[in-house]
Amino acid sequence: MAQNLNDLLHALVESHTGNLSASIFSTLAHHGRLSLPTLASHAQIPLRRARTGIASLLEEQLVHYIAGEEDSPALYSANLEGAYNLARHMNVVRLVTERHGEAAGQVVKNILQLGNARVGDLAEAYNLRPVSKRDSAISSEHATSNGYHKSKPSPLHHITSASELHNILRTLLQSGILVKVGARAFISASDFKEQIEETVINEQFPDRKVTGPKKQALFAGAVRQLKRKWQSDDAFSEAQDYDSKGTIKRPGQHFTAPNKRAKLNNGLTNGHTDEDSGPKLSSDLIVRVDFTKCTLGLRSLRLQNMAKRFLGNTTAAVYGALLQAIEGKTHSLHVETDPAQDEDDDPEDALPVANTREVAEFLVVGVDLSGGGNYVGKGKRVPNGAGKKRRKNEVIEDVEDDELEDDGSHPTTDGHMSYRDSAKRFEDIEAHLRLLEQHDKIFCKYTRPGIPLKGWRIPFGNLIETLLNDELDATINALYGKIPLRLIRILRDRGKLEEKAIASIAMMRIKDVRGVLAEMQHASLVDAQEVPKENQRQPSKNIYLWYFDTKRAQSLTLQHTYKAMARTLQRTDVEREECRTIIAKAERTDIKGNEAEKLQQGEKQALRAWRETEERLLTQVGRLDDVVAVLRDFSGTDTSLLS
Amino acid sequence: MPFLPKTSPESETLYTDLLAAAQASDEGLKKLFYQPDIKDLADATAKSVDMLLRFIQELVSHCLLRTSRQGGALCWSTRPRAAAENIRALATNERTLYEYVEDSHTKGIWLRELKKRSGIEEKKVERAMAKLESARLVKLIKNIRAPAQKTYMLAHLVPSDDVTGGSFFDAGDLDESLIEEVGNLIVFHVRSQSWEERKVYSKRPPRAESPIYINGHGGGGEAEVGSKRKRSPDIEDMAAPHHQKPSKHRSHRRRSSPDPEPYTLQQIPHPASPPYPYPSTETIHTWLTTTSAIRQSKAQQLTLAEIQGVIDVLVWDDKLERIAGGYRTVRGVEFRPPGFGGAVGSGGGWGGYGDGDGDDEGEGEDEGEGLGATRNGNGLTQVPCGRCPVLELCGVGGGQVNAGSCVYFREWLGREV
């Protein structure tokens, strides 16, 4: 089973950093933690090359290392999660483009290609070396050859000034998509935990004994605290990481500062560079993409898409805003429950809450709310913002979401909302949220009365399961058809059933049911439990109870998807090999940049065909990653990639 | 056939009275008479229990009364004169068998059970039953629980639902087309009550696709629509999927639309509060049994449980969704207008709807674009590997099957195989 994953990771690393690194990575994945000389001997490559390979892997954060003491040799281990995340690049770029605009998408794409990047280098690359877009495809392709040193990120014409780049980076840092690379970024999760525990024991438990429930609780608390401290030490903070020439920022206030929204606006490319750009980021700041946050974002997109399928576009847009508002308050995919909380509390109470006003802030102005809420929106429309893709930039200060009254209506014409209009808007938003709440899938929930926090929650636990089932259903539907899907849903809803019962519930002929069940059993999707009626256990007299095991279907489909992904990537190599000569020619220094003149017509065509093929295959990898994300990552409880 | 004297006038009167009493009662001929009941009816003629016994015996021997035992007490029920005539004409064996069949009433009796109970030789039983059948006294029915067994029942009785399997079985066979039709009717009915549908004339050609966030598409064109009318909705709100995947199927449908002004249907959910009265199983059942779409006699038979069964299947098929104690059609689900046999024309109210078989829905690329109905496929099922019959062998031990030699990939990438 693990073979599929290893194949996939090898293919991913190979296509990203070349086959030297890939073989080193596979060796590490196979043998576990190794020192450099052992690694070289296992991988059967010279030590010098191993060093080069490890360096490029480290640059991409595809390996973890740990050096126990001073002077002791560093030990390397494969970062499986990081390697898998190479497949998610395309989706991350899509997410960022959708939320923060085209230019931000490009920046993130470049950072992803580099693994991590110094802000200064990024700025330099953007300002000094304007190269055409076309070229970038080739240079990124070039990076796959052995031991090749990465070219500088290929900039795009539409980032025009350093301040624009800084704005984008700042927006991304604030939204958590980019994070600062701290000193502990290369330590694997388990080592990180061990270090924390070791430190806590050294500092607070001098007798080195953590026994007994009281002490254990104390220990766990201290570990949590230290973990949080270390994490926040490494996190980006405005106080540290801005260039000092900017205005003085008070730490901790950056997120709610009133001028922050204005900055957010400028972060999006709406054509103009703005005058009062914020302080510049320090050139020495090194940033990377935080995949946990991105997966959170992708999860939101998925949920929003599901809402769209069931309730339409407008309601889905409102839901998207709610998801984003909640996302800002979430740090991990898995809902962490604080053990210190009372046990009789509803676990959902721990979920973050967003009130209607927050939702309104994230909602793009110009979404016509009246369309979906039906009768709720029969009043006049909320005036539309002037821009197409601008965020709402007025913060409604004096409106409490639970005291919306229709007074003081002064219709304005300058694009700003009157009090009445904003109250109307809030009402409409709530109507949409109630639609979502009322749906069978319970997309969100209003907080129970009786607790101080009022607002909307998203019951992620159930929704993730719904997403998972939806993904499995889509697969079954496409591969086997509607009838098998119906039977599987019946088994999922009703539990174990005999075929006669299935036939009568599904309103089908028992003969047909038998055929379908046999097919499904062959595909390992359903199975039958044998229950003997008599002591003789004659097979003909046994009762067969059919059941559908979601866990099993999930892991089967996941393995299947890994394999499909690996093959798709391998196919990319095969295709590349077929056009090798032409690609090599196009990469010659004298031709590069002047392909139009120096290549023959047939060669140009072949090159274009190859690019299309590559694009198609890689896009498909991105789609397969969508499946993996649902099956494995969204619940946040999967540990198969932890190292 | 033993010779029987004519019935005495007294017993004749008793029989007439009993028959009249039975027919007057709710149970009809099934009405059981106990000794006191008969005594009450026969007060005038039957002076004593002895006399009564004699009359009853006389009637029983003429097959006009049938003896049975109910809770330890003897009781009798009447037989119509014609039936009695027929039975009297039967041989002893046949008569015994007939009585067993009669006892089983609407449940029917299995041939083997008959043989066992009567203790008559197997061959003879079979011969006798064949004779009874040809005399149209009994009939062979199909029990859905045991379709292979020969089950007999009196010819004039209607088998119970237990035996036939209910309204959705036709002569022991599942009536799939009826189920489909009833399901289709339910979808039609529920849909008409679950979404506010607006026909919207859109000025934009239906090809325009916009990313999720730009559904505000500027003020421009919409501003002219007028302040009273609501904005025309985003194209993706449309129930009609026809702009998504132009297939042969669809383009044909579009061509058949004479309407030059493209319109689209928008489905808008009803507001959440106060709870909109979505149709419940009860109201759906009431509607179905009163509608003229189903033949009256059939409609009367449909029980609530059967309708619930159909609704459940529709829910599993992603056609309906439960909401607030009732049901709503899943967004974008459509029904088949009767008599169209699958293909839907663009005329009428359902212009541009798919035919609901779902086969060509969401086949593809953007899952987000799909309508509520089940998503058909994802990244996995799109790649050749998702459907590969030899995936197990692929890349194993340097074998012949691998990513390089794969014919499915060649095909998928549009090369010649």
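Not counting residues up to four places away in sequence, A:Leu322 touches A:Ala354, A:Val359, A:Leu433, A:Cys444, A:Trp456 and A:Ile458, where contact means heavy atoms within 4.5 Å. This is a predicted model, in which local features need pLDDT of at least 70 and side-chain atom pairs count only at pLDDT 80 or more, while totals for chains, interfaces and linings use all residues. Residues are numbered from 1 along each chain as its sequence is written, chains are lettered from A and ligands numbered from 1 in the order in which they are written, and side-chain values use heavy atoms, with hydrogens and water left out.

A:Leu322 is, with A:Tyr84, A:Tyr319 and B:Ile186, among the residues that touch the most other members of the largest nonpolar core, which has 171 residues; such a core is a set of buried Ala, Val, Leu, Ile, Met, Phe, Trp, Tyr and Cys residues joined through side-chain atoms within 4.5 Å. Apart from it lies another core, of 38 residues, including B:Leu18, B:Phe33, B:Leu114 and B:Ile120.

Chain B has 417 residues, of which 48% are buried (under 20% relative accessible area, with exposed over 50% and partly exposed in between, for a 1.4 Å probe and protein chains only). Its secondary structure comes to 16 helices and 12 strands, taken as DSSP runs (H or I, at least four residues, for helices; E, at least two, for strands) and numbered from the N terminus. In helix H16 of chain B, residues 407–412, lies B:Arg410, which counts as partly exposed because its relative accessibility is 27%. B:Arg410 and B:Pro384 are 26 residues apart in sequence, and their C-alpha atoms are 9.5 Å apart in space.
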